[in-house]
Every structure is written in C-alpha cells, then in structure tokens.
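Subject: Handing over the structure

Dear colleague,

I am passing on to you the structure that I have been going through, and I would be glad if you kept it open while you read. My notes on it come after the display.

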Amino acid sequence: MLRKIAFLLFLLPSFSFSQETVKGIVVDENNEPFLGANVFWFGTSVGTTTDVNGAFSLAKSSETTFLVVSYIGYATQKVEVTSNEIKIVLKEVTNLQEVEVTKTKKSTEHSLFSVTNVQTMGQKELLKAACCNLSESFSTNPSIDVNFSDAVTGNRQIKMLGLTSPYILMTEENIPAVRGASQAYGLSFVPGTWVESIQITKGAGSVINGYESISGQINYEVLKPAIDIPFFLNAYGSTDSRYELNAHFNQKYSDKLSSTLFIHGNTRIGKNDMNNDGFLDNPIGKQVNILNRWQYTDAEKGWVSFLNLRYMNDEKQGGEVNFIPDLDKFTTNAWGSEVNTEKIEISNKTGYVFPDMPYQSFGFQNSFQSHKQESYFGLNQYNIHQKSYFSNLLFNSIISNTKNKFTTGLNFNYDVYDEQVALNFTKDFSRIDNSVGAFFEYTYDNLDNFSLVAGARVDNHNRLGTFITPRLHLRYNPWENAVIRASAGRGKRAANIFAENQQLFASSRQFSILNSDGKLYGLNPEIAWNYGLSFIQKFKFLGKETELILDYYQTDFQNQAVVDIDFSPQEVLFYNLDGKSFAKSFQAELNVELMMHLNLKTAYKYYDVQTQFITGQLERALQAKHRVFANIAYETHIKEKGQQWKFDFTYSWLGKQRLPDTSSNLPQYQLGEFAPSFAVMNAQITRTFSSKFEVYIGGENIGNYRQDNAIVQNENPFGTYFDSSMIYGPVFGQMYYAGLRFNIK
Amino acid sequence: MKKIMVLVLVSLFSLTAMAQEKKSKNKKVEFNVAGNCDMCKKRIEKAAYAVKGVKSAIWHIDHTDIHLIIDETKCSKEDVAKAIAAAGHDTALVKAEDVVYKKLHDCCFYERLE
C-alpha cells in the first residue's frame, strides 16, 4: 500500500507538465459572435483568432493566466483565466476621446531600412494603372519603362535600368515565373487583380532566388486566402473593344485552412485599324485564366503551406484586317499571326518556423510548370513547349543573435524544351536543361545604421558549366532619414534567343546564328556584372514631406548573345559578344506631398546602353537616352460610408531614340536615323461609393500620339522590306476605358 | 517505514526541483523596460544584444516591455536587465543610475519607474 502511494507521489510532478487547453467564445453585448477576434496570452505573441462562431481554443500558457481579447471598434479586454472554459463579452467603443492622427499610407514605399534597393508597390498603386494584367501595372512607376515590342501582337515589354526583361529575374512569391518560353508574353498572363503587391529590386537579386538575375528582380505576391475577402468582382470595358472580367471566391474552412478561387476572362472582339495601314492596331482574341490556391496556417505549431493550381488558355490573332485564319494561314493571300498559349502550373510552398525559436525556419518550394505556345507570324512558324520543375530547400537561422542571420539551401532546376522554328530555315532546338546548386547568404544588421547581405552560390548546369555567383548588398544610414545603398553581383544565364525575340518574327528578316560551338543554340552563356549606388533622402521642404532618390547602376557584359538588327534591315544575326556591351543608367526621382492628399512624383532618367556590333560600337536601338516622368495623384477624404474620389494623371516624355539601320533600304522604306521625341499621357478617375463598390474611368495615350509608319512596307507584307518590329512609340492612338469593382467583406 | 517516507519525500523534492531548474537554450523572457522613442529602442536592444547568450531582443514602445529569447546556460534575465539599466533605462528588475539617466538625449527622458 505504502509502495503504491510512493509510486503515485513520484508521478505527481509529471502531471503538472501536461498541456491543458482553454476553450472560449467571444461575443458582443447582443450575444453575437465575433469572427476573427484576436485572443492572445498577455505579454506573449502566442494566440489565435476566433472562428465564425466566435469560438477559440488555446493551449494554456506557462507564463501567464491573463488573456487579451481584441476586435477593431471594440474595447480590448484583459481577462484572467480561472477555468478551462471562458466567455468574453466585448463592448463597442463609442466615445473616442483621443485625437485620431492618420497618415495616408503611400501607394509605393521606398524603404529606408531594407538592405536591398527595393520599392514595394501596394494595391493602391496597382489600382491606378489602366488595367488589367501585370505587363500593364508599371505605367505609374518611374523605375520601369514600358513599351510595345511590335505592332502586331500588342505585347508590352518592360525594361529596367536600360535592359530588357530577360535580364530581370521575375518571380512569383520568390519562385521564378516569367522565364524561358514565357519570357515574351508571361507578364500578360498574370491578371492585375490577383496581385497583392510588387517588389522591384534594382541591382542583382538575392542568391536564394537563383543565378539568372542581372539588372534586377521583380517579385509579385499573390493575394493570400487566409486574409482575403469572401467575394470580389471586377468588370472592364474599353473603346478598343477589350472586355475583362475578374471574380474571386474565398472560403475559410477553419481557422487553419482557407482557399481562394480566382477566375479571369478577357476578350477583344472588335477589329481596330485607326491608322489605316491595313493592319490591326491590337490583336483580337480571348483568354481564360483560373487559379485556385489553398493556404494552411497553424501559427501555434509553426506551419504555413500554400498550394496553387493554375490553368490558362490564351488565343491572339493579329496582322492584316482582312486576314481570315482558316483561308489565309500559311499563304500569301494576306499576312496574319496567331499566338496560342496554354499554361498549367502546380506549385507548393511550405514553411516551418520553430515555435520556441522564431528566428529559425525551414522553407521548401516546389513548382511544376508547363508552357505551350503554338504560333505563326506570316510564313514564319514558332512552336515551343517548355516543361519545367523548380525546387528550393531553405534553412534560416542566426549566428549567436538576430543581428547575424543566415539562409542556406539547395536548389534544383529541370527544363525540358520542345522547340521548333520554321523561318528562312527549319530547325528543331529541343533540349533538356538541368542544374543543381547550393547557396549561402549572410545578413548582418547592427540595428542602428548599417546592414549588409553577402551571398554566394555554386551551381552545376549541364550547359552553363560549374560556376560561382557572388552578390553583395550594403545599406548605411548616414544621418536621419537618409540611406545609401551599394550593390554588386554577377549573373549568368542561358539566352533563349527565339523565345525572347519573338517580335522579330513579324518581319521579312532572315535569321542566322553565326557561332556554332556553344551549347546554347551554338552560342555561349550570357555573363554580366552589375554594380550600383543609390541614395535616398526624406525631408521636409516648406513643411511638405519630400523624398529625393538618386540611383546609378551599371551592367557590364562579359559575354552576351548579341541580337543584331543593324547589320542589315533584311537580317537578324545572333552571335557571341566580341568587345564591350554595357548599360549605364542614372535616375533622379523627387516625390513631394504638395498638400494633404495631393502627391507629385517626378523622375528624370538617363541611359547609355551600348554594344559592340559587327558594324561597330553602337547605342542600342529603340532606347531613349533621356526620359522624364511625372505623376500627380489626388484623393479626397474618405467619408463615413467609405465614399472617396481618386484622380491620377501620368506624363511620360521620351527623348529621341536611335532607330535600327535602314539606310540600305529603298528610300520609301527608310526610317531615318532617329525617332522623334514624344510624350504620352494617361489619366484615371475612381469614384468609391462604399467599401463594397467603386467605379473608374480613364484614358491611355490621351494626347493621341501615334508612331508614323509603324509597319514598314505594310502594303506588301510578303516583300523583303516588311518589318513591324521597329516600334518606338504607341501604335494605336487614344483609348478610353471604364470599369467597376465590387466586393463582399 | 519512516525511512521509506523520507526517501519518497526527498526524491519527490529533488525531482521537482530538477525539473524546474532545467536550463533552456531558447527561453522566452519578458519584462518592463522604460523608454520613449526610437532612439531608446535602439539603445535598449543594443545593450541587450551585447550580453552573450541573448539571441533575440525586441523592445515594444506601446507596452514598454522587452521580448527576449535567451540561452539560459549563458546568461540570465537579471544579466540582461543589468546591461539595459547600465545603458540608462529603468527595468522592472534593475533601475538605472541617476547619473547615466541624465546623460540621455532629451527625447529619451522617460518617466522613471517607481
């Protein structure tokens, strides 16, 4: 008997360590439950939110017996937990004695404290742009230049620091997205309403995301199901007969699992030929784009996981107005082009944060993408099917304290290309690319005025060889509200010469690859070093909040897959760089808050982009040396029910641009040496009626500037001078649009 | 009989005593630290990080408390409080000396604790 008691007494201390849970319910004075009320143990970050029944369940804390319960608009309560079940009643806050000080959040933030030169565009900024997909989201941002690549496909091309998009690493939530086969049109396959924010980083990106980034990185975040609203609808129509529809359906299954179904459809049914050159100004076509994402979050245990399933089908038809695909395809009756794309994607991101060590975590990203494009441009045919698999395993932790953080990991890439071109020659360029790599990145922050990120990675690629990629970013705050950033890094990439230069197919140019001993279409890998310096100063001028940003970046190519359209207007030559190729860019930006709610953004950019071509060292064609940008944004005070007016106006001036050499053409097909300077203006007015509903109208290219002679030899597109790729400005004139946004919160 | 009882009681105490004293390498600690502004935040956190064994130190201005993760085998929360007080900030455990407090920047003159 005594032995039994002794045994029980031995077990006594172990009982006190068992986990007990507190279950409770949070309601208001009418016993209505709160969904999403915060319930936290006092003085800790351990807590949860209430479900649709106002219920919660929380493991007891060893540190305190007090719970803090809060919900916006209601008085926060601190209650002592004395049993395992509790009911908390929150009272509405009626007499706000404090003076409310609000600072309208900026739509684009330039951080003073991040190490990399990154600017974040929030949803507010994204809503200002005319439309509709990612390629059109940058018109109000001075750091990204947007232009049309050709007069046929209506595709917008973006440039950063003077270099075109293949040199920018584009990632979706840090998984490489627009690359390889999707390089040309990839941005137009991401609807703008799906995007939560965009981070634009100048200078070589982080080693964690890969070795390909040369001039910078654009990362976009997609809306997260756990914090999304139940329903969103957006409808859009424009005077050039383009219509779009977006619908989001969000479902929260539990406090841990939620999902959002994104559906997008767009179409252009009317044929426009405003400049009467016989060619459609923008392609007709349609797109259906569906994404379903699931999010699982268990904050207590430290798990977060996202699963994305995506399907997209896009059809575009451009070319002559009287072109009928069924009758005229592959004939010389009429010139036309069709680009049909189908994309499938399955991706997963899972992260685990050690519960008692919030600075230590694991991340595992996996993505499978299939991108299939079948297209023809007159008699030129181009088909590419890329299946790619990306996997990244990361581990984050600290060295002695959180001032010294590091991330390390492994990366695996596998790309299967099924590529056929039928131009002036027919060839199959199908191949498999794969690489394995390991990376290490160290971050130091002295929590005061200095931090640095130093990273390196080593990769083994079957075509690029084994190589090391170093990247360094420094940040220093010399005095209050000022920051100096410096960066340096190397990038290496495989140029997909056909996928990245598709606009050249819409011409009669003959293609040739001059080298044959390299592993990439006969060419060598592209290698470049990028260095940059940036200075930001925030200050008050005449009492107004002002921000001055100065940027200088230089990219030097050790090797480049040179695309030569100057050697002859009837040819396109691809060859390895033999000499210098560089891009120098300088940007000065001044942002001023002129008055409460009235903001002015101005910028001046200078570019010096030169390459050694066969015919000599030349400035890159179709690149303006000087650009001026101005944006003025005004919004009224938000009234009680959410009513607001927003006005936005953008002015872009481009200096003269060197045109590709057409001096050997017949006089009537010569373009001259320089394109004239010109300006483009966009404006948008939004009227918000409540937090549920808003309408907007706007205009693009209000000044109706059109490039004369956008298509050379448009009267005989099968002649030897035909070329629709020498585009320096807008091809269609002014365009007006209207839309509405409706949501249920 | 008596011997068995004594044995049981002693074992019981030592078991519980040992269980309570096991040192954690990632112990979460919070205590009040007085301060007014961003400069105070930097000073407080800098002082905390200077103590070997402090893995993470975040000071919150709204609750005027510091959230620490410390390696108990290397330091104790009293060590960290002493370091913060030496930098000029009153803590719930150790107060700053008047001399050091007076040397702080104007904006940092927080209300002294007690």
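This is a predicted model: local features need pLDDT of at least 70, side-chain atom pairs count only at pLDDT 80 or more; totals for chains, interfaces and linings use all residues.

In chain B the mean pLDDT is 83, and 86% of the residues of that chain reach 70 or more. Confidence within chain B is lowest in helix 1 (residues 2-21), where the mean is 61, and highest in helix 3 (residues 77-86), where it is 92.

Chain B has 114 residues, of which 29% are buried. If you take the contacts in chain B with a separation of 6 or more, 56% of them are accounted for by residues 24 or more positions apart.

Turning to chain A, the domain assignment gives domain 1 (17-90), domain 2 (110-219) and domain 3 (220-744). The centres of domain 1 and domain 2 of chain A, taken over C-alpha atoms, are separated by 42 Å.

With strand 26 (residues 426-428) of chain A, strand 25 pairs in the antiparallel sense over three bridges, and Gln420(A) stands opposite Asp428(A) in strand 26. The link from strand 25 to strand 26 of chain A is a hairpin that passes through three residues.

Another piece of chain A to find is an open sheet of three strands, which come in the order 31-35-34 and whose pairing is mixed. Strand 31 (510-513) and strand 34 (561-564) of chain A each have a single partner strand and stand at the edges, so one side of each is left without a neighbour in the sheet. From one strand to the next, the twist averages 15°. Strand 31 of chain A and strand 35 (residues 571-576) of chain A run parallel and are joined by four bridges, with Phe574(A), in strand 35, as the bridge partner of Ile513(A).

Two residues with a positive phi also deserve a look. His597(A) has a phi of about 75° although it is not a glycine, and you will find His597(A) in the loop between strand 36 (581-595) and strand 37 (598-613) of chain A. Thr64(B), likewise not a glycine, has a positive phi of about 45° and lies in the loop between strand 2 (54-60) and strand 3 (65-70) of chain B. Are these residues buried or exposed? Thr64(B) counts as buried, because 20 other C-beta atoms lie within 10 Å.

Finally, there are the nonpolar cores. The largest one has 86 residues, and Ala151(A) and Ile727(A) are the members that touch the most others. Domain 2 (110-219) and domain 3 (220-744) of chain A both give residues to this core, so it lies between them. Leaving aside residues up to four places away in sequence, Ala151(A) touches Phe279(A), Ala710(A), Ile711(A), Ser724(A), Ile727(A) and Val731(A). Apart from this core lies another, of 21 residues, among them Ala34(B), Val51(B), Val54(B) and Ile84(B).

With best wishes

How values were computed. Residues are numbered from 1 along each chain as its sequence is written. Chains are lettered from A and ligands numbered from 1 in the order in which they are written. Two strands pair if DSSP finds at least two bridges between them. Axes are lines fitted to C-alpha atoms, for helices over the stretch in contact, and angles run from 0 to 180 degrees between N-to-C directions. A residue is buried if 20 or more other C-beta atoms lie within 10 Å of its own, exposed if 12 or fewer, and partly exposed in between; C-beta atoms are placed from the backbone. pLDDT is the predictor's confidence in each residue, from 0 to 100. Domain bounds come from an automatic or database domain assignment. Two residues are in contact if their C-beta atoms, placed from the backbone, lie within 7 Å. A nonpolar core is a set of buried Ala, Val, Leu, Ile, Met, Phe, Trp, Tyr and Cys residues joined through C-beta atoms within 7 Å.
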